[in-house]
Amino acid sequence: MIRSGYEKECVQVYSSVRREVLDECLAILGVEKLSIEEVQRIEWKVLDEKMKKWVQAVKIGVRVLLTGEKRLCDQIFSTSDSAREICFNENAKGCIMQLLNFGEAVAIGRRSSEKLFRILDMYDVLSVVIPDLEMMVTDGFLCGEAKGVLSGLGEAAKGTFSEFQSAVQNESSRKPMLSGEIHPLTRYVMNYVKLVVDYSHTLNSLFAESDEDESSGGSGSHTDDGEENATPISRRVLALLSILESNLEEKSKLYEDGAMHYIFLMNNILYIVQKVKDSELIKVVGDQWVRKRRGQIRQYATSYLRAAWSRALSCLKDEGIGGSSGSASRVALKERFKSFNACFEDIYRVQTGWKVPDPQLREELRISISEKVIPAYRAFLGRFGSHLESGKHSGKYIKFTPEDLENYVPDLFEGTPLVIHHLRRKS
């Protein structure tokens with residue numbers, strides 16, 4: 001046909017047939033012909049599947065289908081450079097533009113946090129195949145379109161991460177966790193951030209340019225953890241964790257009971273620390289950050305003991321009971337023992353319903369309580385117990401032995417409210 005002067009017609013027929021074949025291949029790979037408006041109306045679960053299929057289709061489309069198509073063109077049009085180039089460019093254009101249209105629709109679509117990782121997958125696969133495309137296709141327009149969509153996906157990824165950061169900052173649920181447990185926001189953010197770290201290489205390259213612009217403008221991003229040489233993604237993860245901590249601090253104020261305020265903070269900060277230590281996040285945030293949070297948890301534990309047990313311990317002081325152990329007022333002692341009993345029973349009833357999920361933290365808190373409360377009670381009982389034991393109804397006032405308290409403390413923080421039932425002591 002070419003020798004007979006029908007090169008143009010030959011190219012048209014060949015291109016028409018091969019475009020249909022490539023369209024069928026894309027359909028088999030799960031790529032549909034959709035307008036930008038249609039893509040943006042798709043609900044997330046369906047879109048998620050289409051984005052996954054798109055990633056595979058781009059990889060196979062460029063490295064298998066178009067590579068094979070070029071080989072076929074080279075063989076069939078070996079005697080005509082112009083026909084070979086026109087045919088391949090035309091066939092590649094139809095295939096690639098169909099893929100790029102979907103990529104563009106995703107890039108300019110509504111941003112929501114769950115899309116981030118799929119967008120990054122799309123960005124990664126497109127950045128990998130563009131060099132292959134440039135080697136095969138001589139049409140500068142097509143390669144320019146591909147780079148434009150790649151840039152759009154990069155901007156979408158950065159914007160989506162920023163949207164997530166804002167969502168964490170603005171999450172303002174006012175319903176406290178009943179047992180002081182780990183807040184759903186904490187679990188969600190930490191699972192999200194662990195996935196972010198898997199894309200550190202891509203995100204670092206995307207954010208590096210933004211950071212250079214900020215630095216040249218004199219407004220670099222800083223964190224309170226002194227990570228001066230941190231990577232762009234490290235700075236953002238540290239900032240995100242700081243936002244989460246601030247939000248949790250606000251949520252802790254929803255608890256009327258000051259002691260529960262600290263239990264909630266301990267549970268949540270420890271959960272964050274454990275997620276960091278048990279993943280690649282530790283490389284991003286650093287050991288200094290972890291040490292600082294462990295110090296915070298110890299401070300919260302001290303504050304918890306003060307808030308929860310000060311009133312009970314004040315009942316075990318010598319002041320205000322009428323002098324030394326030999327001349328103490330029986331009336332004052334009765335009131336002290338009654339007050340301590342009421343305090344302990346109330347703490348037991350309330351704090352057995354509180355939940356500390358981490359077994360080590362739970363045990364450390366119980367040990368701290370035992371070391372602070374039981375010796376004080378044993379000493380007070382030793383000094384003044386005999387004043388009441390000789391009188392009538394002593395069991396009404398001295399309800400507990402130190403061993404009783406030791407047996408009750410392990411019930412705390414299990415998340416199941418309990419009530420103390422006393423056996424009547426013989427007077």
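The salt bridges come first: this predicted model holds 26 of them. As background, side chains of opposite charge can pair when their charged atoms come close.

Arg-19 is partly exposed, because its relative accessibility is 31%. Glu-90 is also partly exposed, at 36%.

I turn now to Glu-245 and Arg-293. This salt bridge brings the closest N and O atoms to 2.7 Å from each other. Glu-245 lies in helix α9, residues 232-252, while Arg-293 lies in helix α12, residues 287-314. They are 48 residues apart, and here too distant parts of the chain are linked. Are these two residues buried or exposed? Buried means under 20% relative accessible area. Glu-245 has 13%, so it is buried, and Arg-293, at 2%, is buried as well.

The next pair is Arg-362 with Glu-414, whose side chains meet in a salt bridge of 3.7 Å from N to O. Arg-362 is in helix α14, residues 359-389, whereas Glu-414 is in the segment after α16, so the bridge ties together parts 52 residues apart in sequence.

Which residue does the side chain of Asn-91 meet in a polar contact of 3.4 Å? The partner is the side chain of Glu-69. If we set aside neighbours within four places in sequence, Asn-91 is in contact with Tyr-14, Ser-15, Arg-18, Arg-19, Leu-22 and Glu-69.

Helix α5 deserves a separate word. It runs over residues 116-136, which is 21 residues, and reaches 30 Å from its first C-alpha to its last. That span is close to the 30 Å expected at 1.5 Å a residue. Where does α5 have its kink? The kink, of about 30 degrees, lies at Ile-130, shortly before the proline Pro-131.

Finally, I come to the chain as a whole. The protein chain has 16 helices and zero strands. Its radius of gyration is 35 Å, well over the 22 Å that the globule rule gives for 427 residues, so the chain is more spread out than a compact globule. The C-alpha atoms fill a box of roughly 130 × 45 × 30 Å along the principal axes. Of the 427 residues, 46% count as buried. What share of the contacts between residues at least 6 apart in sequence joins residues at least 24 apart? The share is 81%.

How values were computed: Residues numbered from 1 in each chain as written. Predicted model: local features only at pLDDT ≥ 70, side-chain atom pairs only at ≥ 80, totals over all residues. Heavy atoms only, no water. Salt bridge = Lys/Arg side-chain N within 4 Å of Asp/Glu carboxyl O. Buried < 20%, exposed > 50% of the residue type's maximum accessible area, 1.4 Å probe, protein only. Helix = DSSP H or I, 4+ residues; strand = E, 2+ residues; numbered from the N terminus. Polar contact = N/O pair within 3.5 Å; in protein donor to acceptor, adjacent residues only side chain to side chain. Contact = heavy atoms within 4.5 Å. Expected span 1.5 Å × (residues − 1). Bend = angle between axes of the 7 residues up to and from the residue. Rg over C-alpha atoms; globule rule 2.2 N^0.38 Å.
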